[in-house]
Each structure stands twice: as structure tokens, then as C-alpha cells.
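Subject: Structure for your review

Dear colleague,

Please find the structure below, followed by an account of what was found in it.

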Amino acid sequence: MESDSEMVPFPQLPMPIENNYRACTIPYRFPSDDPKKATPNEISWINVFANSIPSFKKRAESDTTVPDAPARAEKFAERYAGILEDLKKDPESHGGPPDGILLCRLREQVLRELGFRDIFKKVKDEENAKAISLFPEVVNLSDAIEDDGKRLENLVRGIFAGNIFDLGSAQLAEVFSRDGMSFLASCQNLVPRPWVIDDLENFQAKWINKSWKKAVIFVDNSGADIILGILPFARELLRRGTQVVLAANELPSINDITYTELTEILSQLKDENGQLLGVDTSKLLIANSGNDLPVIDLSRVSQELAYLSSDADLVIVEGMGRGIETNLYAQFKCDSLKIGMVKHVEVAQFLGGRLYDCVFKFNEVQS
């Protein structure tokens, strides 16, 4: 499933890893729960994954790279639904008890066993092309804001607006297939502040007075998310002299961007001098994170990413799967930012916020 080379812990996690890190924000069960009986939380999350089956099946049916796609898509739906039912009856089946990582991994396994490699490829390509055409407008609007703090807030709102393009959320997949999504309208329509976790003012104060030497950004979705949300923000960091490492998936999963796709997008956005709308990109690197899921376990990353991250002084984990569901409470040895939009009712309830609320969690390490 994962990279052939050995995976290693992300170097900015405090040691020992097993005492300090677990890639799971919402506890599905507690040690006192009966190991043979699914907890209400497990059942509720198994249902979230069950609700995503129709939209995944629909994407798989129309995958022209796979022979007999409709029949195989039907098999995927049956097989994955069966696994989820098994987990409800016996949480220790299929490598359980279940958490977000296991439920995602089982879904990917079933798809790959049936020959599906990238069922969202077509929609990713379409969304990337649309977002590339909007990139200059979005960046120029941002550059026109003279006040540093206000420009930062605008860039952060852009990350949230881009993060809405998430086909792993059954509700959003439906909205998206019905009428698409407008990036600039999404920027305007974010839930009002204060957000459910809102450290923006604290981060703004640091942003104005401090510059980081190297930022590692774990990126999320294709389309507006990476191109209109993360890249304008990364460009601003570069402009301020920060080296930026964009860590993207090794293999496709839902509509997440892969490192090869991201390399291709950047080659289209840069001019002949290697600049991103007037900003030098010699300090911008794209790394293969070694990951193949829409969530991430930072105790297992590629050696390449570990090497590039050993001297980072800012880690940014973006997106609901990576930044909220698996790493919201992750502690790092350097400054960190978790940023993402809440797109599942269950996450909103856990955090005590609203659906489509925003999480902007900044932790500064006291030197």
C-alpha cells in the first residue's frame, strides 16, 4: 500500500512517539468499553463512512481506466458496506477497533483490490484547470491589501474557502455535483468569527513581528484548496523569506492532491524565470509525504520528508482529515498551526461548533 522505502516518525514530534502521539482526535472508544461491542461513537462514525459509499460508487462507475467499472463499482459498494457491518457486530474484526485511519484504509484497500487507482482523477483535473485560471485574480486581490495583518486574514479565509472542495464529505459531494462551488463566494460566506477554535489574532501578532526560517505544510485537496488557498499563503511566506516545503500524498485518495500532481500544477503556474507572480520560488520544495490516505499518521512519513523537516520551525497541518480528525491535539517541537473546515456533523458536535465552522489552532513553542 505505502511507499517501498521504510517509513519513519516525523522529526518534529516529541519523543518517545508512543507516549506523546496518537493520530486520532475524537476517541471512538475508551479502555473501559467492551472490546466485543461497538460503542455509540464507533457506530456513528461507521455510518459516516457508509453514507459516503454511493458517491464513491458513482465516481468508480465512471472510471474509464478500469474495465467493467460499473460491475466492479457495485462490488466495491457491497464489499465495503459488508466490512462496515462486520465492524458494527464485532469492532475487533478487520484489524479493529475502528478509528478514522482504519476506516479510510479499508475503503482504499477495497478500491485498489478491485483495480481502482484514482476514481476522482477526472474531477481533480477539471477543478485544477478552473483554479489555475483564477489564481492570478486571487493573488492580485490579496497583494492589493497593504496592511500585513489584514492581508494574512484574507489569505487564511482563502484557505478555508478552498478547503470546502472536499468530496470525502457525502453532503459536499452532493452539493458539488449539483452546482459546483464558487471560490470567491465561499470566501464571503464563511461562518462569522469567532470560529470554533480561533487563534487568528495571536498568529497575526506573531506574523507581523516574527519570521520563520522553514515551514512544512501538509496539504489537502486538489483544485481551489491547494491552488487558491494554500499556494497564495505559501507564496506570502516565500515573499517573507521563509523556505516552504509542501508535503503531499504519494498515492491518490479521494480528491487529495498527490506530489506528482502538485509538481505539474506548479510548473504551469510559474513563469519562465521560475517565479510565482513575481515571487521567487527557489525556496519552495514539494515533498512526497509517503501517505496514501485523506488522514495522516505522522508517526509514519517518508524518509525524504523527515530529512526536509528536521530543521523546520513551523509545521502547518491543513484540512479536516489531517488537521482536525487526526492531528488537532498533536504536539510539535516547533510552532504549529492546524487549519481546516468542519465538514462532518460529528466533528462539529465534538468541538461544540457549527457545521462548516473553521478551526485555526496556533501553538507557539516557548524557546
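The second largest cavity has a volume of about 70 Å³. Here a cavity is a set of points, on a 1 Å grid over the protein atoms alone, where a 1.4 Å probe fits but cannot get out, and lining residues are those with an atom within 4 Å of a point. Grid points are joined across faces, edges and corners, and the volume is the space filled by probe spheres set on the points. The lining of this second largest cavity is formed by A23, C24, T25, I26, Y28, W45, G100, E325 and T326. Five of its lining residues are nonpolar, three polar and one charged; in this scheme Ala, Val, Leu, Ile, Met, Phe, Trp, Tyr, Cys and Pro are nonpolar, Asp, Glu, Lys and Arg charged, and the others, Gly among them, polar.

The model is predicted: local features need pLDDT of at least 70, side-chain atom pairs count only at pLDDT 80 or more, and totals for chains, interfaces and linings use all residues. Residues are numbered from 1 along each chain as its sequence is written, and side-chain values use heavy atoms, with hydrogens and water left out.

In total, three cavities of 30 Å³ or more were counted. The largest cavity holds about 90 Å³ of space, and its lining consists of F56, E108, L111, R112, F116, R117, D118, I119, F120, P252, S253 and I254. Helix α5 (residues 100–113) supplies the largest share of that lining, with three residues. Helices (H or I, at least four residues) and strands (E, at least two) are DSSP runs, numbered from the N terminus. By class, the lining of the largest cavity comprises seven nonpolar residues, one polar and four charged.

One of the lining residues of the largest cavity, I254, also has a backbone feature to report: its phi is positive, about 45 degrees, although I254 is not a glycine. I254 sits in the loop between β3 (243–248) and α12 (259–269) and is buried, with a relative accessible area of 8%. Buried means under 20% relative accessible area, exposed over 50%, and partly exposed in between (1.4 Å probe, protein chains only). L277 likewise is not a glycine and has a positive phi of about 45 degrees. L277 belongs to the loop between β4 (275–276) and β5 (279–280) and is partly exposed, at 37% relative accessibility.

M15 and P16 are joined by a cis peptide bond with omega about -10 degrees, and P16 is in the segment before α1 (17–20). A cis peptide bond also joins G96 to P97, with omega about 10 degrees; P97 lies in the loop between α4 (69–89) and α5.

As to the cysteines, the count of disulfides (pairs of cysteine sulfur atoms within 2.5 Å) is zero. C24 is in no disulfide, and the nearest cysteine sulfur, that of C104, is 11 Å away. C24 is buried at 15% relative accessible area, and C334 is buried at 7%.

N163, in helix α7 (residues 148–163), is buried, with a relative accessible area of 1%. Its side chain makes a polar contact with the side chain of D225 at 2.8 Å and reaches the backbone nitrogen of M341 at 3.1 Å. A polar contact is a pair of N or O atoms within 3.5 Å; within protein, one must be able to donate a hydrogen and the other to accept it, and residues adjacent in sequence count only if both atoms are side-chain atoms. N327 is in the loop between α14 (320–326) and β8 (335–341) and is buried at 0% relative accessibility. A polar atom of the N327 side chain lies 3.1 Å from the backbone oxygen of R322. Beyond residues up to four places away in sequence, N327 touches Y21, T25, I296, L298, V317, R322 and K338, where contact means heavy atoms within 4.5 Å.

Finally, L231 in helix α11 (residues 224–239) is buried, with a relative accessible area of 1%. Leaving out residues up to four places away in sequence, L231 touches F135, I226, L246, I265, L266 and L269. The C-alpha atoms of L231 and L246, 15 residues apart along the chain, are 9.3 Å from each other.

With kind regards

Key: On a 1 Å grid over the protein atoms alone, a cavity is a set of points where a 1.4 Å probe fits but cannot get out, and a pocket is an open set with protein on both sides within 12 Å along at least five of seven lines; lining residues have an atom within 4 Å of a point.
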